[in-house]
Amino acid sequence: RPALVTLGETMAVLACPEVGLLRQQRGLDLRVAGAESTVAIGAARLGLPSAWLGRVGADEFGELIRQTLAGAGVDVSGVGTDATAPTGLMIKERRTAEVTRVSYRRAGSAGSQLCQEDVDPELVAGAAVLHVSGITPALSESAREAVRAAVRMANHAGVPVAVDINHRETLWSAAHAVADYRWLVEHAQIVFATETEAGLLVDDADTMDSSGLARALGELGPGEVLLKRGARGATACVAGETYEAPRYQVRALDPVGAGDGFAAGYLAERVRGGSIADRLRIAAAVGAFAVTVAGDWEGLPTRAELDLLTSPDVAR
Ligand code: ATP
């Protein structure tokens, strides 16, 4: 049965292959994206049985999501089909060679209709870790209740809860979101955040270095904080001790998905019983793999592929 259980919204992506406006494209790439399902794919690639819970529409995009996740080895037996709402869409334009513009058709989507009844208590209680993100409570009141119900089930069953803050300005303002983030952080054992996201929760964050910020976030409750710093690496605070993740050097093509890959690597190695150093090494390697390709999850590595990356910080 799945060791990692996650829930959220997965969308179909219409991605422009050429630089320029969507209307000038000759064709679009059809892909699949969702923060939490990317974590499930990443963990599954590393060999950890993983499940994603969510809703898709009764349409071709929904079938695409279901088949893509199943094909990547993710358990989709808990995925519901919404009879009335369509699968959400993400539109990705390469507005310039450097700037990607993302827009959504996701208000009222099937994924946002997620509710408490979609969360199987046995699946959650039988997991080794539950992973949720701060995106889901932004989608709807019922999606927020679904996340809280899943977290409470895990807390009750003694299953560690991992939260990625994953602030999305296009969905809600930080001022609006912060109470939900605080609730999640206070109910989680493991928190993933960028420095900006940590700054939403910690007073005087701009006076702190990354170790201080990770420690301050940990003081809100979670025993494990992973502060992600893009190509500059990551800082962890575990039981009050701080650690630096190694930095891998890769050519970054698309930064999106690095955070989800990092979470997948960390959680997969944590469930395996790996040391903090090993968790950080694998998390950083998976995050680095994620930025090397255009899609969010397509470039995520198997365990055997992890050694393909070299780092000035890591002895091979
Ligand atoms: P996302 O864009 O998916 O939301 P994020 O902001 O949550 O990402 P990042 O800090 O960008 O998270 O990336 C997570 C981790 O992935 C980093 O801490 C680092 O270990 C690794 N990583 C990210 N970008 C790079 C890069 N350009 N080169 C090497 N490693 C990277």
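The shell around the ligand holds 12 nonpolar, six polar and two charged residues, where Ala, Val, Leu, Ile, Met, Phe, Trp, Tyr, Cys and Pro count as nonpolar, Asp, Glu, Lys and Arg as charged, and the others, Gly among them, as polar. This is a predicted model, in which local features need pLDDT of at least 70, side-chain atom pairs count only at pLDDT 80 or more, and totals for chains, interfaces and linings use all residues. Residues are numbered from 1 along each chain as its sequence is written, and side-chain values use heavy atoms, with hydrogens and water left out.

**Around the ligand**

- Of the 20 residues around the ligand, the nearest are Lys-228, Gly-230, Gly-233, Tyr-248 and Gly-257; a residue is near if one of its heavy atoms lies within 4 Å.
- Lys-228 places a polar side-chain atom 2.8 Å from a ligand oxygen atom.
- Gly-230 has a backbone N or O atom 2.6 Å from an oxygen atom of the ligand, and for Gly-233 a backbone N or O atom lies 2.8 Å from a ligand oxygen atom.
- The ligand taken alone exposes 620 Å², and the protein buries 84% of that (Shrake-Rupley accessible areas, 1.4 Å probe).
- Helix 8 (258-271) and helix 9 (276-290) are the elements that give two or more residues to this shell; helices are DSSP runs of H or I with at least four residues, and strands are runs of E with at least two, numbered from the N terminus.

**Helix 8**

- Helix 8 has 14 residues and reaches 20 Å from its first C-alpha to its last, close to the 20 Å expected at 1.5 Å a residue (1.5 Å times one less than the number of residues).
- Just after helix 8, Gly-273 takes a positive phi of about 90 degrees.

**Helix 4**

- The buried residues of helix 4 include Arg-144, Val-147, Arg-148 and Val-151.
- Their cover includes strand 1 (4-7), helix 3 (121-125) and helix 5 (174-186), with contact meaning heavy atoms within 4.5 Å.

**Positive phi in loops**

- Most residues other than glycine have a negative phi.
- Asn-166 has a positive phi near 45 degrees, sits in the loop between strand 10 and helix 5, and is buried at 9% relative accessible area.
- Ala-239 has a positive phi of about 50 degrees, lies in the loop between strand 13 (234-238) and strand 14 (241-244), and counts as exposed at 70% relative accessibility.

Note on methods: Polar contact = N/O pair within 3.5 Å; in protein donor to acceptor, adjacent residues only side chain to side chain. Buried < 20%, exposed > 50% of the residue type's maximum accessible area, 1.4 Å probe, protein only.
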